[in-house]
Amino acid sequence: MIRKSEDLLEDDGPFHAPSRAKGFAMRFSFFHFHDPSISDVLTYRPFPILFIVMLALLPGLDASLFAQNTNATISLSIPESLVDAHPYRIVSAPGEELGYVSLSGDVTPFGEAVEDYANNLIQEINLHTLEKVRVFQVGFFPTEMVIVGQQLFVTCSNDNSLYSINLDTSNVTSFPMTDSSGADVSFLSGIVESPTGEIYVGSNGGNFDGSDENVIVFDPVSQSIVGRLNVPGAITRFSWHNNQLVIPVGYPDNDFSAAPVLRWIDPVTSMVTAELPISVDTSDFPMPSDITSLGDGTAALTVIGGSNEVFHIDLESQTLLGNWTLPGTDYLQSRVLPLNDNTLVVADFIDGVLHQIDLATGDIETFASGLQLPVDMHLRDGRLFVAEQALEQLSVFVGPGGFIRGDVNNDQMIDISDPIMSLGYLFLGGDLACQDAADYNDDESLDLSDAISLLEFLFSMGDSPAYPYPLGGGDLGGDDLDCEQGLDF
Ligand SMILES: [Ca+2]
Ligand SMILES: [Ca+2]
Ligand SMILES: [Ca+2]
C-alpha cells in the first residue's frame, strides 16, 4: 500500500502534528525554461540603436513571448520508487551550486515496521539550474546534514550510525554512534561542525534510549569517536558560539514536565556554563526545533509546541532579549532563518505559513502561505528553498531584492525593451534601477557587449545570461555595479 501525502500529517517525522491540517491549496506555478525556438525569429545583426528602437515598435515582438515566472518547484519524486519522497532538510556550502536534500518515505520515526515505505536518500540538486544530479542511499529516515570539505555527513532518525558521503567519489560509509558503555545512541538528530573541525552529533532520544551520553564527538580525519557529552534531554539542532556549544534541550534532565532550556556547554569539560529557561506551556510537550545565529552575537530560537513565539537570545550575555509573537493558530514553528534584508523568516509547520519578521521594527508580514508542512528553509545565492514535508518537492522563492539577469527594466520578463533600456543607459544616459540585471556576462562592467549579448539571446539563440537566470536570484559577487531593488547576497 502506498500512502498519500496527507497521511504524513499523522506520521510526520520528528515533528508531530497535533491534528490533521486541512484545505491545502496548490499555489505554486511551475517554472518554464526559456525556449530558444520561439526566439529564433530574427538573425542577429549589429543593430544601430535607432533600428533597435524601431524593432520595438514592430507588431509581433510581444513581450509575453519571454515571460518568466518568479517561483519554481523542484520535483523530488524518485521515478523507480513506489514510495513517496518527502524532503526534510536542505544544505549547501557557500560558493557551491550544489545542494543536498534529505528524503524520507512515508515513515514513522518511532518504531513501526515501515521499512517497506522507506526512501532513505539524499538528493543532490544544482541550486542554480534547479536540476537533480546524484542520489545517495543512506540509513533509515535521514534528517540532518552538514558539509565538511568534500564530505557530507548525515544523521538518520532511525539509524544509530553517522553516514558520510564522499562527494568526490560518491562513496557512502557509516560509523556506529555509541556511548561510553558501548550502547547505541539512537534517534540521531542535530549535527554541527566545531570550530576545530570535529563533528558533533546530537540525539533527540535523550537518555531515554538507554544511552549514557547523547552528544557524540566524531573526528572526520581519524574517522573515530573522540568524545562524548552527557546533555540530559532531547536535542534537535544546536549551534556554536565563542567555542561553546549552544544547545536547546527539550525535556531537560529527562523531565517530560519541564520547559526547554538553552544550555551553553564547554566542549572540553562538558560543564554547563550558562542556562536559560525557555518559557512556554509545558502541557504541550514543547521541544526546541531550531536555533539560528543572526550574525550579530544573537540568535533566534523556535519551539515545536507550547508557544507561538520566536525567542531572541543574546549569545554573549546568555540572556533573553525578547520575543516575537507570531499571528495564527500554529504553535509548531519548525525553522527560523535570517534573510539578507534584516528580516527573519519563520516556518509555521501546520498553518503552512512563512512569517517574515522585520528585525528593525518588529513588524511581521506573511512571506508565503498555503505551504504543506514547511519543515526547512535554505537561502542560497538569493533564492529561498523550502522543503514541504507533505509534498514530493522543493518550492523555490526569489529572495528579497532578487533580480533576473537580462531583465533590465525589472518587469519579470526578458524582451526587446530590455536591451533598449540598456542601450539608452549606455548612450543617452539616465539611471538603471538594477545595473546588475543589465550586466549580461556578470563581469561587473556595463558596455555594448552586454546589450549585444542580450539581443543575440533574444533573436539568434545566443548564450543565456549569467546567474541569476531564468529564475531570479542574487548577484554572485562584485560591488562595482548597483542594484537598487537588489541586495548583496
Ligand atoms: Ca524586462
Ligand atoms: Ca558586462
Ligand atoms: Ca556581479
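Is Gln318 buried, exposed or partly exposed, and how many other C-beta atoms lie within 10 Å? Gln318 is partly exposed, because 17 other C-beta atoms lie within 10 Å, and a residue counts as buried only at 20 or more and as exposed at 12 or fewer. This is a predicted model. Gln318 sits in the loop between strand S21 (309–314) and strand S22 (319–325). Its phi is near 60°, a positive value in a residue other than glycine.

Now step back to the whole chain. The protein has five helices and 29 strands. Of its 489 residues, 47% count as buried. Take the contacts between residues at least 6 apart in sequence: 53% of them join residues at least 24 apart.

Start with the sheet that holds S2. Four strands form this open sheet, in the order S2-S3-S4-S5, with antiparallel pairing. Strand S2 (86–92) and strand S5 (132–137) are the edge strands, and each pairs on one side only. Neighbouring strands here are turned by 25° against each other on average, direction ignored. S2 and strand S3 (residues 98–104) run antiparallel and are joined by six bridges. In one of these pairings, Ser92 has Gly99 of S3 as its bridge partner.

Follow the chain past S5. Phe141 lies in the loop between S5 and S6. Like Gln318, which has a positive phi near 60°, Phe141 has phi near 60° and is not a glycine. Phe141 is buried, because 27 other C-beta atoms lie within 10 Å.

Strand S6 (residues 142–148) comes next, and Glu144 is part of it. Is Glu144 buried or exposed? Glu144 counts as buried, because it has 24 C-beta neighbours inside 10 Å. Leaving out residues up to four places away in sequence, Glu144 touches Arg89, Thr155, Ser189, Gly190 and Ile191. Glu144 and Val192 are 48 residues apart in sequence, yet their C-alpha atoms are 9.2 Å apart in space.

Another open sheet has four strands in the order S23-S24-S25-S26, and its pairing is antiparallel. Strand S23 (333–338) and strand S26 (364–368) stand at the edges. Each has a single partner strand, so one side of each is left without a neighbour in the sheet. On average, neighbouring strands of this sheet are turned by 25° against each other, direction ignored. Inside it, six bridges join strand S24 (residues 343–348) to strand S25 (residues 353–358), and the two run antiparallel. Val345 has Gln356 of S25 as its bridge partner.

Turn to the helices. Two packed helices are described by the angle between their axes and the distance between the axes. How do the axes of helix H3 (residues 417–428) and helix H5 (residues 448–460) cross, and within what distance do they come? They come within 9 Å and cross at roughly 165°. H3 is therefore roughly antiparallel to H5, since angles over 145 degrees count as such. The crossing is left-handed. H3 contributes Asp418, Pro419, Ser422, Leu423 and Leu426 to the contact. H5 contributes Leu448, Asp450, Ala451, Leu454 and Leu455. By type, the contact residues divide into seven nonpolar, one polar and two charged.

End in the segment after H5, where Pro468 is found. The peptide bond from Tyr467 to Pro468 is cis, with omega near 5°. Pro470 also lies in the segment after H5. The peptide bond from Tyr469 to Pro470 is cis, with omega near -5°.

Notes. Residues are numbered from 1 along each chain as its sequence is written. Chains are lettered from A and ligands numbered from 1 in the order in which they are written. This is a predicted model: local features need pLDDT of at least 70, side-chain atom pairs count only at pLDDT 80 or more; totals for chains, interfaces and linings use all residues. Two strands pair if DSSP finds at least two bridges between them. Axes are lines fitted to C-alpha atoms, for helices over the stretch in contact, and angles run from 0 to 180 degrees between N-to-C directions. Angles under 35 degrees count as roughly parallel, over 145 as roughly antiparallel, 65 to 115 as roughly perpendicular and the rest as oblique. A crossing is left-handed if the near helix is turned anticlockwise from the far one by less than a right angle, and right-handed if clockwise. Two residues are in contact if their C-beta atoms, placed from the backbone, lie within 7 Å. Ala, Val, Leu, Ile, Met, Phe, Trp, Tyr, Cys and Pro count as nonpolar, Asp, Glu, Lys and Arg as charged, and the others, Gly among them, as polar.
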